[in-house]
Amino acid sequence: MSALTVEIGDLTRIEADAVVNAANLTLLGGGGVDGGGVDGALHAAAGPRLLEACRRLRSTTHRDGLAVGDAVATPAFDLPSSWVIHTVGPNLHRGQDDPTLLASCFARSLDIAARLDVRSIAFPAISAGAYGWPMADVARIAVGTCRTWLAGHPDGSPQQVRFVVLDDRPREVFDIALRSAGPTP
Ligand code: AR6
């Protein structure tokens, strides 16, 4: 029986087998005025080997970077987790308002988590920061996509899908999305 939960926490510090990075198309770490959000924080906490691993992807399997909605895993190096699953959310500031692109971030990350046979995966509110999506839309899409995915993979991994947010407001928004979606099938 898989569990979908929300909690207040910092993705760089929580104990999950895989943490999901809200990356960008370059796959080369966060920038921007906010210190790079999840991307900047995970790279800072994981150490330079994470960027080296991303650079290796750029010179081999992901020469053009990572497409919006796609995902790829690297080891997590100095983070408490074993894996970082990088995904690129749609950027509302660039007119990327297609909810299926955001749903794909969650579904593709779960596909990769299943292949890695992890027990737990922790997601941030992808696209709800620098990429400008309303938290309520992200929560609804995140919960709906993960719930549908888990219903289609009843006996597989991951058993624990955690949404990790920074403070009370997004937690309440995810709580409402979880309650209105009903129990995980
Ligand atoms: N733990 C949990 N949640 C966090 C953390 C953390 N340590 N840090 C931020 N958040 P964002 P995006 C929340 O901007 O919108 C980067 O520069 C944050 O408050 O990280 O997909 C990338 O390189 C927000 O609610 O991701 C891209 O260029 C949510 O996580 C761009 O930002 C996502 O915020 C991606 O923007």
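Colleague: Which residues does threonine 145 touch, not counting residues up to four places away in sequence?
Modeller: Threonine 145 touches Ala103, Phe106 and Ala107, where contact means heavy atoms within 4.5 Å. The model is predicted, so local features need pLDDT of at least 70 and side-chain atom pairs count only at pLDDT 80 or more, while totals for chains, interfaces and linings use all residues. Residues are numbered from 1 along each chain as its sequence is written, and side-chain values use heavy atoms, with hydrogens and water left out.

Colleague: Why does threonine 145 count as buried?
Modeller: Buried means under 20% relative accessible area, with exposed over 50% and partly exposed in between (1.4 Å probe, protein chains only). Threonine 145 has 15% relative accessibility, so it counts as buried. Its place is in helix 4 (residues 135–152); helices (H or I, at least four residues) and strands (E, at least two) are DSSP runs, numbered from the N terminus.

Colleague: In what order do the six strands of the open sheet lie?
Modeller: The order is 1-6-5-2-4-3, with mixed pairing; two strands pair if DSSP finds at least two bridges between them. Strand 1 (3–8) and strand 3 (71–75) each pair on one side only, and these are the edge strands.

Colleague: How do you know that strand 2 pairs with strand 5?
Modeller: Two bridges join strand 2 (residues 18–23) to strand 5 (residues 120–123), and these strands run parallel. The definition asks for at least two bridges, so the pairing holds. Alanine 18 has isoleucine 121 as its bridge partner in strand 5.

Colleague: Which strands does helix 3 touch as it packs on the sheet?
Modeller: Helix 3 (residues 99–115) touches strand 2, strand 3, strand 4, strand 5 and strand 6 (160–165). The direction of helix 3 makes about 155 degrees with that of strand 5. Axes are lines fitted to C-alpha atoms, for helices over the stretch in contact, and angles run from 0 to 180 degrees between N-to-C directions.

Colleague: How many aromatic pairs does the rule give?
Modeller: The count is four. Rings of Phe, Tyr and Trp (its six-membered ring) pair if their centres lie within 6.5 Å; planes under 30 degrees apart count as stacked, over 60 as edge-to-face and the rest as tilted. Phenylalanine 106 and phenylalanine 123 are 4.9 Å apart centre to centre with 50 degrees between the planes, a tilted pair. Phenylalanine 106 lies in helix 3 and phenylalanine 123 in strand 5, so this pair ties together parts 17 residues apart in sequence.

Colleague: What makes the pair of phenylalanine 106 and phenylalanine 163 edge-to-face?
Modeller: Their ring centres are 6.4 Å apart and their planes stand at 75 degrees, so the pair is edge-to-face. Since phenylalanine 163 lies in strand 6 and phenylalanine 106 in helix 3, the parts tied together are 57 residues apart in sequence. Phenylalanine 106 is buried, at 0% relative accessible area, and phenylalanine 163 is also buried, at 0%.

Colleague: Which residues of helix 2 are buried?
Modeller: Leu50, Ala53, Cys54 and Leu57 are buried in helix 2.

Colleague: Why are the buried residues of helix 2 said to line one face?
Modeller: Seen down the axis, the buried residues fall within an arc of 100 degrees, so they line one face of helix 2. The arc is that of the directions from the helix axis to the C-beta atoms. What covers these buried residues includes helix 1 (37–46), strand 3 and strand 4.
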